[in-house]
Amino acid sequence: MKATGKDVYRLADGRRVPYVTCWSAEKVLPGRIVRHPRRAGIAYPDEVRTDRDIERALWVRQGLGRGGGEPVMAGVHPLRQRQCMADNACQVCGHPAVLDQRGYVFLMRSPSGVPVREGERTVAPPVCAGCVPEAVRDCPPLARGFVAAHVGSYEFWGIAGIIHDPHTLSPLPHDVAEPLPQVAFEDPRFCWTLAARVVVSLRDVTPLSVEDLLSLCADQPPRTASPVDEALAAHPAFNAPLDDPLAGPQAEALLADAIFGPGTAQVIATRSGSSRAADHCSASTPEDIA
Ligand SMILES: [Zn+2]
């Protein structure tokens with residue numbers, strides 16, 4: 001499946017590539033796992049501030065370059081997933097997902113149709129009303145059955161990722177059905193887990209039938225570009241030829257700053273060895289492991 005020309009956010013068949021979807025250019029960056037020098041848990045030897053979240057979870061390193069290469073429709077970018085959860089943003093369009101009235105809509109894969117329960121955990125960010133019809137129609141994971149719920153609020157529960165053996169530091173075997181096991185913040189395995197998703201717990205859950213769902217979302221036009229896309233659309237880096245060696249690193253740096261705040265780009269550029277991008281950023285050195 002190839003993206004179509006300049007409209008890199010749609011597939012050839014017209015389906016939109018969701019905001020959280022991973023692109024083939026967004027490679028997982030090499031990152032050697034070592035034992036933390038001062039406390040239990042794993043670390044990177046060249047760790048920088050953006051390698052951890054506010055809960056001190058160590059995150060997988062993955063390049064940022066939305067629109068680069070081909071969309072990997074089965075893949076989710078860890079940082080955009082985390083951003084959507086933190087910002088209450090729609091996983092399809094990236095806009096705020098809150099409904100006119102209070103709360104959010106969550107869609108969950110469920111071939112058996114078991115309704116969403118109070119406190120249920122998920123790694124799938126909410127979907128805004130305008131994107132619900134499209135998500136229900138086009139989202140491959142929902143094709144074999146889904147359930148929906150109106151959710152008053154949600155809270156961060158933990159992370160999903162790769163759990164490492166405290167003795168050997170090797171990744172522990174996992175259930176094939178759960179490639180990214182979920183680990184609560186207070187779980188002793190938390191500090192040995194390389195995070196790839198935020199896990200949230202749903203509150204004030206009201207299950208929705210398909211009819212209720214579509215009624216709730218009626219007359220809500222789908223949004224197009226995400227706020228980040230809109231902010232960056234006019235930038236030269238995004239209009240440069242794709243073979244321009246500056247375009248990718250510049251786009252990555254700008255996107256990182258737009259999502260995570262000024263200054264993020266310089267650490268990502270330095271970490272990934274992208275010297276051309278670093279030319280456009282002030283020098284940065286890895287911080288001490290916190
Ligand atoms: Zn949306």
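Q: Which residues touch the most other members of the largest nonpolar core?
A: In this predicted model, they are Phe106, Val127 and Ala149. The core holds 50 residues.

Q: Which elements give two or more residues to this core?
A: Two helices are listed, H1 and H2 (132-138). The strands are S6 (58-59), S8, S10 (146-163) and S12 (193-208).

Q: Which element gives the largest share of the core?
A: That is S12, with nine residues.

Q: What does Phe106 touch, leaving out residues up to four places away in sequence?
A: Its contacts are Val116, Thr122, Ala124, Pro126, Ala149, Val151 and Leu202. Ala149 is itself among the core residues that touch the most other members.

Q: How should I read the strand pairing around S12, and how many bridges join S10 to S12?
A: Look at the bridges and the sense of each pair. S10 and S12 run antiparallel, joined by 14 bridges. Within that pair, Ile159 has Val198 of S12 as its bridge partner.

Q: In which sense, parallel or antiparallel, do S6 and S12 pair?
A: They pair in the parallel sense, over two bridges. Leu58 is placed opposite Leu194 of S12.

Q: How many bridges join S9 to S12?
A: Two, and these strands run antiparallel. S9 covers residues 121-122. Thr122 faces Val200 of S12 across the pairing. Thr122 also touches Phe106.

Q: How do I read a positive phi, and what is its value at Asp204?
A: Start from the general rule. Most residues other than glycine have a negative phi. Asp204 has a positive phi, near 50 degrees. Asp204 lies in strand S12.

Q: Why does Asp204 count as partly exposed?
A: Because it has 13 C-beta neighbours inside 10 Å.

Q: Where is Leu169 found, and what is its phi?
A: Leu169 sits in the loop between S10 and strand S11 (182-184). Its phi is positive, about 65 degrees, although Leu169 is not a glycine. Leu169 counts as partly exposed because 13 C-beta neighbours fall inside 10 Å.

Q: Is helix H1 mostly covered or mostly open, and which of its residues are buried?
A: H1 is mostly covered, with seven of its 10 residues buried. Those residues are Pro78, Leu79, Arg80, Gln81, Arg82, Cys84 and Met85.

Q: Which residue follows H1, and what is its phi?
A: Asn88 comes after H1, with a positive phi near 55 degrees.

Q: Where is Gln101, and why does it count as exposed?
A: Gln101 is in the loop between H1 (78-87) and strand S8 (104-109). Gln101 counts as exposed because it has 7 C-beta neighbours inside 10 Å. Its C-alpha is separated by 9.8 Å from that of Gly152, 51 residues apart along the chain.

Q: How do I read confidence, and what is the average pLDDT?
A: Begin with the average, then go to elements and stretches. The protein averages 79, and 73% of the residues score at least 70. Strand S5 (residues 42-43) has the highest mean among the elements, 98. Helix H8 (residues 275-278) has the lowest, 32.

Q: Which residues have pLDDT under 50?
A: Residues 1-8 are one such stretch, with 16 contacts beyond four places in sequence. Residues 266-290 are another, with 45 contacts beyond near neighbours in sequence.

Note on methods. Residues numbered from 1 in each chain as written. Predicted model: local features only at pLDDT ≥ 70, side-chain atom pairs only at ≥ 80, totals over all residues. Helix = DSSP H or I, 4+ residues; strand = E, 2+ residues; numbered from the N terminus. Buried ≥ 20, exposed ≤ 12 C-beta atoms within 10 Å, placed from the backbone. pLDDT = per-residue confidence, 0-100. Contact = placed C-beta atoms within 7 Å. Core = buried A, V, L, I, M, F, W, Y, C linked by C-beta atoms within 7 Å. Pairing = 2+ DSSP bridges.
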